Amino acid sequence: MTTDATHTPPDDAHRRPDGLDDDTVAALGELSAALEIVEQARGFLYGFHRLTGKADLALGDAVESLRRAGHVEVADLLDRDLVGRNVLEGRWTYQIVEDYDDGYYAAFRDHEQNIRDSLAGGKRHLFEAEMKEARRSHGRRHHEALPRESTTPGADGNDAAVDPVA
């Protein structure tokens with residue numbers, strides 16, 4: 001994707017630095033996409049953490065219900081073997097989350113940031129910003145270059161809005 005006057009992102013935060021070539025912008029876009037996958041995986045890990053904790057609390061409630069129903073031996077077995085059990089050797093889920101955050105996740109984020117800083121002056125989402133400019137319908141409402149506090153529908157009813165960058 002090349003940049004020209006009609007497809008240059010309208011804000012400086014998303015305008016590629018002078019001399020930054022298309023291949024580098026595309027590669028930085030791929031690196032950013034990889035980080036987004038890691039972010040999603042991290043979200044799933046936090047979901048696992050929360051659901052596992054919720055399951056342990058629900059198990060504790062079930063144990064108490066079994067005990068009240070007169071099934072003391074079964075309740076004691078579950079209480080002894082499952083309530084509060086490590087999900088991995090020596091670890092509860094919070095420890096897994098902390099290790100992931102402090103290890104792989106932190107290293108990935110740091111490398112992405114350092115590479116983006118050195119190659120693109122720290123600017124984020126250059127590839128996506130240029131793609132937006134190439135794909136949006138300039139001058140149309142809901143296709144504005146930047147967020148606006150208000151837009152005025154066009155008099156011809158086509159929902160056009162004033163887009164000073166169009």
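## Aromatic cluster and a helix crossing

Tyr104 and Phe108 both belong to helix 3 (residues 93-120), where they are four residues apart, about one turn of the helix. The model is predicted.

**Aromatic rings**

A pair of aromatic rings is described by the distance of the centres and the angle of the planes. With centres required to lie within 6.5 Å, the count is three aromatic pairs. Two of them are tabulated here.

| Pair | Centre to centre | Angle between planes | Class |
|---|---|---|---|
| Tyr100 and Tyr105 | 6.4 Å | 20° | stacked |
| Tyr104 and Phe108 | 5.8 Å | 65° | edge-to-face |

Why is the pair of Tyr100 and Tyr105 stacked? The planes of Tyr100 and Tyr105 stand at 20°, and planes under 30 degrees apart count as stacked.

Ring pairs join Tyr100, Tyr104, Tyr105 and Phe108 into a cluster. Tyr100 and Tyr105 are both buried. Phe108 is buried too, with a relative accessible area of 19%. Tyr104 has 48% relative accessibility, so it counts as partly exposed.

The charged end of Arg42 sits over the ring of Tyr105, 4.3 Å from the ring centre.

**Helix 1 and helix 4**

The axes of helix 1 (residues 22-68) and helix 4 (residues 126-135) come within 7 Å. They cross at roughly 110°, which means that helix 1 is roughly perpendicular to helix 4.

Which residues make the contact? Helix 1 supplies Val25, Ala26, Gly29, Ser32 and Glu36. Helix 4 supplies Leu126, Phe127, Glu128 and Glu130. By type, the contact of helix 1 with helix 4 has four nonpolar, two polar and three charged residues.

Methods
Residues are numbered from 1 along each chain as its sequence is written. This is a predicted model: local features need pLDDT of at least 70, side-chain atom pairs count only at pLDDT 80 or more; totals for chains, interfaces and linings use all residues. Side-chain values use heavy atoms; hydrogens and water are left out. Rings of Phe, Tyr and Trp (its six-membered ring) pair if their centres lie within 6.5 Å; planes under 30 degrees apart count as stacked, over 60 as edge-to-face and the rest as tilted. Buried means under 20% relative accessible area, exposed over 50%, partly exposed in between (1.4 Å probe, protein chains only). Helices (H or I, at least four residues) and strands (E, at least two) are DSSP runs, numbered from the N terminus. A charge sits over a ring if NZ of Lys or CZ of Arg is within 6 Å of the ring centre and within 35 degrees of the ring normal. Axes are lines fitted to C-alpha atoms, for helices over the stretch in contact, and angles run from 0 to 180 degrees between N-to-C directions. Angles under 35 degrees count as roughly parallel, over 145 as roughly antiparallel, 65 to 115 as roughly perpendicular and the rest as oblique. Contact means heavy atoms within 4.5 Å. Ala, Val, Leu, Ile, Met, Phe, Trp, Tyr, Cys and Pro count as nonpolar, Asp, Glu, Lys and Arg as charged, and the others, Gly among them, as polar.
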